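Please look over the sequence and the model shown here, and then read on for a guided account of some of its parts.

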Amino acid sequence: MSFFNGGLYMKTLIVGGGIHGVTIALKLLNAGYEDFAIMDPADLTGQWQKLTTKINMGHLRSPVVHHIHPDPYDLKRYAKKEDYSQPFSGYYQRPQLEMFNNHMNNLIKEYQLENYHIREKAVSIEPGYIINGKHQAEQLILATGINHLHYIPEFMADVAHYQHLFDSSQPLASDIDVVIGGGITACHAVRELTKKRHVTLIMRHAIRTHELDSDPGWLGPRNMSAFNKIDDYKERRSIIKEARHRGSMPAHLKQSLKFLESEGRVTLIKGEVASADHQYLYLTDGRVIPYQSIALATGCEQAIAKDPLVSQIIQTFNPPLAPCGYPIVTHDLEWFDHVYVSGPLAELELGPVSRNIIGGRKASARICQAIS
Ligand SMILES: Cc1cc2nc3c(=O)[nH]c(=O)nc-3n(C[C@H](O)[C@H](O)[C@H](O)COP(=O)(O)OP(=O)(O)OC[C@H]3O[C@@H](n4cnc5c(N)ncnc54)[C@H](O)[C@@H]3O)c2cc1C
């Protein structure tokens with residue numbers, strides 16, 4: 001990195017310092033590649049740490065070998081070295097959240113990633129890869145994720161007291177008495193909120209149980225070799241949609257919800273909200289639910305172009321897009337001239353696991369091989 005016309009010049013800029021951006025940075029450093037920077041207005045992996053701590057997630061959903069270090073066994077070694085008691089849980093050995101986050105913070109420190117961190121939001125990328133009108137890079141890696149694109153249902157238009165659970169800038173408000181959503185985030189939030197008060201959980205469907213976000217076959221050639229042979233991106237999109245178990249939770253979390261229900265600490269309502277005013281939610285079947293404050297566990301917008309940076313890049317560079325509006329990328333995850341992607345932006349190539357922690361590892365391996 002060097003100074004350039006009042007900005008910084010670097011060979012490679014990673015945009016987004018979340019789990020994926022940091023995974024890619026570690027992979028590059030392990031390959032001896034140092035001429036890069038990571039641009040993120042937040043602390044490295046800070047968004048993830050805030051939002052998972054906010055809902056007191058306890059354990060991750062993904063298994064022990066999914067984390068930011070290139071060596072799959074690094075987290076296991078770390079747990080042993082730091083002498084954690086019961087660091088992993090269940091058949092999949094899901095890591096304890098606090099340990100997982102400490103492991104990341106430790107690696108960020110050990111690899112001195114703060115020296116590579118530009119604490120800015122990327123708001124524009126112009127030809128010549130001029131970022132925010134002042135920095136310049138020869139190549140870009142877009143690792144901006146999707147958790148910041150909160151999905152707010154239309155019926156919330158007249159509701160004043162609510163928060164989206166992916167909003168890491170706000171703590172979990174103690175006056176929340178209604179949670180809307182049927183997946184793992186809703187479940188964790190209910191478990192946390194019911195420590196202090198009764199909560200109503202409104203789900204569109206009965207509780208769906210799946211141990212992981214998608215079948216383990218999507219982690220390797222069992223499912224992916226057939227997926228990568230499909231030329232039709234509409235078909236790839238519908239396979240991804242089917243394969244991702246959205247709005248689901250592992251069986252042990254369902255049991256904990258049922259236990260809270262049996263104790264009268266949560267009321268589980270299967271229903272669809274039609275409209276809302278400043279006091280009540282009106283369900284399509286005629287039920288009326290009073291509320292003080294609502295937590296939305298409604299996930300993210302699915303249209304990636306709702307991200308202002310992605311939209312600006314599409315307008316400026318006219319890169320290849322599938323009918324679903326997501327990038328068509330090469331095997332190396334190159335979207336267009338020296339612009340690489342990870343996470344949701346890479347999912348038409350990496351498949352249903354692309355948004356997950358392991359998607360960052362997969363993206364890092366391909367991108368690192370291509371550029372280093
Ligand atoms: C509650 C919850 C639990 C989850 N649990 C798991 C789990 O157990 N296992 C699993 O595999 N996955 C899990 N996931 C999915 C998880 O979000 C991803 O695995 C992981 O966070 C993806 O990392 P990321 O870097 O793509 O996105 P993020 O962690 O969201 O990071 C994106 C980063 O990009 C930055 N950014 C965005 N726009 C810009 C911009 N314009 N300029 C600069 N920076 C920008 C943001 O500030 C952020 O730091 C969970 C998700 C949630 C919401």
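This is a predicted model: local features need pLDDT of at least 70, side-chain atom pairs count only at pLDDT 80 or more; totals for chains, interfaces and linings use all residues.

Residues are numbered from 1 along each chain as its sequence is written, and side-chain values use heavy atoms, with hydrogens and water left out.

Helix α1 (residues 19-30) packs against helix α11 (residues 357-371) at an angle of about 40 degrees, with the axes 8 Å apart (helices being DSSP runs of H or I with at least four residues, numbered from the N terminus; axes being lines fitted to C-alpha atoms over the stretch in contact, with angles from 0 to 180 degrees between N-to-C directions).

Helix α2 (residues 46-54) and helix α4 (residues 97-110) pack at an angle of about 165 degrees, their axes lying 11 Å apart, which makes α2 roughly antiparallel to α4. Here Trp48, Gln49, Thr52 and Thr53 of α2 meet Leu97, Phe100, Asn101, Met104 and Asn105 of α4.

Around the ligand there are 30 residues, of which Asp40, Arg61, Ser62, Ala122 and Asn147 come nearest (a residue counts if one of its heavy atoms lies within 4 Å). A nitrogen atom of the ligand is 2.7 Å from an N or O atom in the side chain of serine 62, and a polar side-chain atom of asparagine 356 lies 3.1 Å from a nitrogen atom of the ligand.

Definitions and conventions
Helices (H or I, at least four residues) and strands (E, at least two) are DSSP runs, numbered from the N terminus. Angles under 35 degrees count as roughly parallel, over 145 as roughly antiparallel, 65 to 115 as roughly perpendicular and the rest as oblique. Contact means heavy atoms within 4.5 Å. A polar contact is a pair of N or O atoms within 3.5 Å; within protein, one must be able to donate a hydrogen and the other to accept it, and residues adjacent in sequence count only if both atoms are side-chain atoms.
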